[in-house]
Amino acid sequence: EQCILSIINQTFTNFELILVDDGSPDGCPQICDEYAVSDSRIKVIHKENGGIVSARQAGVDVATGEYIVCVDGDDWINPEYPSKFVEVINQYSPDVACCGAIWAYEDKETRMPPRVNLGYYDRKRIENEIFPILIERDDGVYFSPSLWGKVFRREIYQQQQLVDTIVNIGEDGACVKPCVYHSQSMYVMNDCLYYYRQNASSMTKKRKAF
C-alpha cells in the first residue's frame, strides 16, 4: 500500500497506474482491486505467476502513455517523481531519462545520485560517454542497469522488454541496456526521487545457481 499511495498522491496527476498481480498468494490482489475502485487512473491485471519479466510485459501491453516508468511493489517514490521527469520531457523530449535514488534501510537512508555526468545527451554523446560503461569498464565503472529511477519512451521500452521470462536475475539490465543502445537521446538529473527498499530477503539478495 505504501507503494500505491506514493504514486496516486503525486503532484503530477495525468498518468495511468497499472498494477500487475502476478499470482500473489497474499493480500495484494485485494489491495489492488480496492484502489482501482476508488481511482479511475488505476488498471489491475490478475495473472498466473510468471515472474517479474512476465509481469512487466503484461503491464506494458496495456499501457497507453507516451512514457513508461517502473516502480517495484516494495519500493515507493517521491511526490515530485513524475513531475520532475515531465519537466525534462517537455524541454528535451529524450528517449530515456534518469534520476538518482535513496536506498532505504530499516534504520537509515542513503542518497545515491547517478554515477554519470548530468544533463542532456544526444546520440553522439551517448555513444562517447555511455556506451563504454554500458556493460562495465576495466576500472569497474558502469551505467546503472536498474529499471527504477528511469523513464522510457514507450515504443523503445516495449520492444526491449521482450526478455525471456525465465530470467530472474539481471532482468533489469537485459531491458535497460538495449533501451539505451537504441535511444537517440537521454537526460540525467541529479535529483534522488526513488526510494529503493533494502530487503535482506529479497530475490536479488538470494541469488542461486540454476
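R123 and E127 are 4 residues apart in helix α5 (residues 123-130), so about one helical turn separates them. Helices here are DSSP runs of H or I with at least four residues, strands are E runs of at least two, and both are numbered from the N terminus. The two side chains form a salt bridge, with the closest N and O atoms 3.0 Å apart. By salt bridge I mean a side-chain nitrogen of Lys or Arg within 4 Å of a carboxyl oxygen of Asp or Glu. E127 counts as partly exposed, at 37% relative accessibility; buried is under 20% relative accessible area, exposed is over 50%, and partly exposed is in between, with a 1.4 Å probe and protein chains only.

A word on the source. This is a predicted model, where local features need pLDDT of at least 70, side-chain atom pairs count only at pLDDT 80 or more, and totals for chains, interfaces and linings use all residues. Residues are numbered from 1 along each chain as its sequence is written, and side-chain values use heavy atoms, leaving out hydrogens and water.

The whole structure has 10 salt bridges. Another of them joins R56 and D172, at 2.7 Å from N to O. R56 lies in helix α3 (residues 52-62) and D172 in helix α7 (residues 171-181), so the pair ties together parts 116 residues apart in sequence. R56 counts as buried at 11% relative accessibility, and D172 counts as buried at 12%. R56, D72 and D172 are linked in a salt-bridge network.

Last, helix α4. Its buried residues are Y81, P82, S83, F85, V88 and I89. After α4 comes S93, with a positive phi near 50°.
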